[in-house]
Amino acid sequence: MIVMSVVTALVLLALLTQAGVVAVQRAFPPQGRMIEVDGAMLHVVEIGPREAGPPIVMLHGASSNLEAMRRPLGDLLARDHRVILIDRPGHGWSTRASRQDSTPQIQARMIDEALGKLGIDRAVFVVHSWSGALGARIALDHPRRVAGLVMLAPVTHPWRGGVGRYNEIIATPVIGPLLAYTITLPLGYFITEAGARNVFLPQTMPDGFVQDSATPLLLRPREFIANAYDLVTLKESVAAQAVRYGEITAPVTIIAGEPDKTVRTSIHARPFAAAVSNAKLIVLPDLGHMVQNAVPDLVKAEIETMIGHIAPAQAAAD
């Protein structure tokens, strides 16, 4: 009887999850177009004037999608610049053929290929959190694509500890998918907002952020698993690439906060700035992890300052 009860409960939870997936996807449909690359289909949204200087490519962090970069910062930049927002492979409406394609190295290759298909030779990359490692990897492996790099609370170096036991469990074969396809979505509805509020500290999460950022898309099983793989493989990836940071020649601006407990500035932003010769570091004493939401005007000003320096430098090089 106990076994039958457990099996019945799992079946009901699986059915509830599938119904939830349909509801979430109807609530947050894709807003852009799909670009096929080797190993993935990438969802890309373009906003802003197409002829306005170097394009700005925005890459979101973990547990999110391109909407987390679009509001308010992407929309603010799009008043005067061409902005390309990309769902990372496996996130939002982007797919990836293999869950193991979780490293910055592989995702950098995919994004570089997508930009080539979009006809974008060089761009300013704006990256947040997990994508700090991704932006650094693009600058290392595809330097001709990177006109400049603006990093917001970036992950760049290995750290002590892990990334949460639940991520390790979800990334475990058999048991991880079993949980993801049964309890993750129903449970996630109750804890997503509280988790998002914690990431904003010491700032207050804006009203409606979870809905405006399409965060419930994360609760879909395939994305939740992809996110877990991204997180559990990240530490080894940054450890391998950190020794190469001195090779980065593109201009870099890093904006981070001292109170950020999600990605500690002392472990990531400061050592990265010290390793890169052409880096500018801005550390604010009261800024948390969600830099793009807390100080969008500052970020916009720094991006435009960088763009202002890139054009004359490029002209002199030519």
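This is a predicted model: local features need pLDDT of at least 70, side-chain atom pairs count only at pLDDT 80 or more; totals for chains, interfaces and linings use all residues.
**Helix packing, cover and salt bridges**

Residues are numbered from 1 along each chain as its sequence is written, and side-chain values use heavy atoms, with hydrogens and water left out.

Start with the helices. They are DSSP runs (H or I, at least four residues), numbered from the N terminus. Two packed helices are described by the angle between their axes and the distance between the axes. H3 covers residues 104-117 and H4 residues 130-141. Their axes come within 8 Å and cross at roughly 65°. That makes H3 roughly perpendicular to H4 (65 to 115 degrees; under 35 is roughly parallel, over 145 roughly antiparallel, the rest oblique). Axes here are lines fitted to C-alpha atoms over the stretch in contact, and angles run from 0 to 180 degrees between N-to-C directions.

H4 also packs with H9, at about 40° and with the axes 11 Å apart. These two helices are therefore oblique to each other. Their crossing is left-handed.

H9 spans residues 221-241 and holds Ala228. Ala228 is buried, at 0% relative accessibility (buried is under 20% relative accessible area, exposed over 50%, partly exposed in between, with a 1.4 Å probe and protein chains only). Thr172 is 56 residues away along the chain, yet the two C-alpha atoms are separated by 9.4 Å.

Helix H2, residues 67-77, is mostly covered, with 8 of its 11 residues buried. Among them are Glu67, Arg70 and Leu73.

Now turn to charge. Side chains of opposite charge can pair when their charged atoms come close. The count comes to 22 salt bridges (a side-chain nitrogen of Lys or Arg within 4 Å of a carboxyl oxygen of Asp or Glu). In one of them, Glu193 meets Arg197 at 2.8 Å, N to O. Both lie in helix H7, 4 residues apart, so about one helical turn separates them. Glu193 is partly exposed at 41%, and Arg197 is partly exposed at 37%.

Arg244 and Glu247 form another salt bridge, at 3.2 Å, N to O. Elsewhere, salt bridges that share partners join Arg33, Glu46, Arg50 and Arg82 into one network. Within it, the closest N and O atoms of Arg50 and Glu46 are 3.2 Å apart.

Technical notes
A crossing is left-handed if the near helix is turned anticlockwise from the far one by less than a right angle, and right-handed if clockwise.
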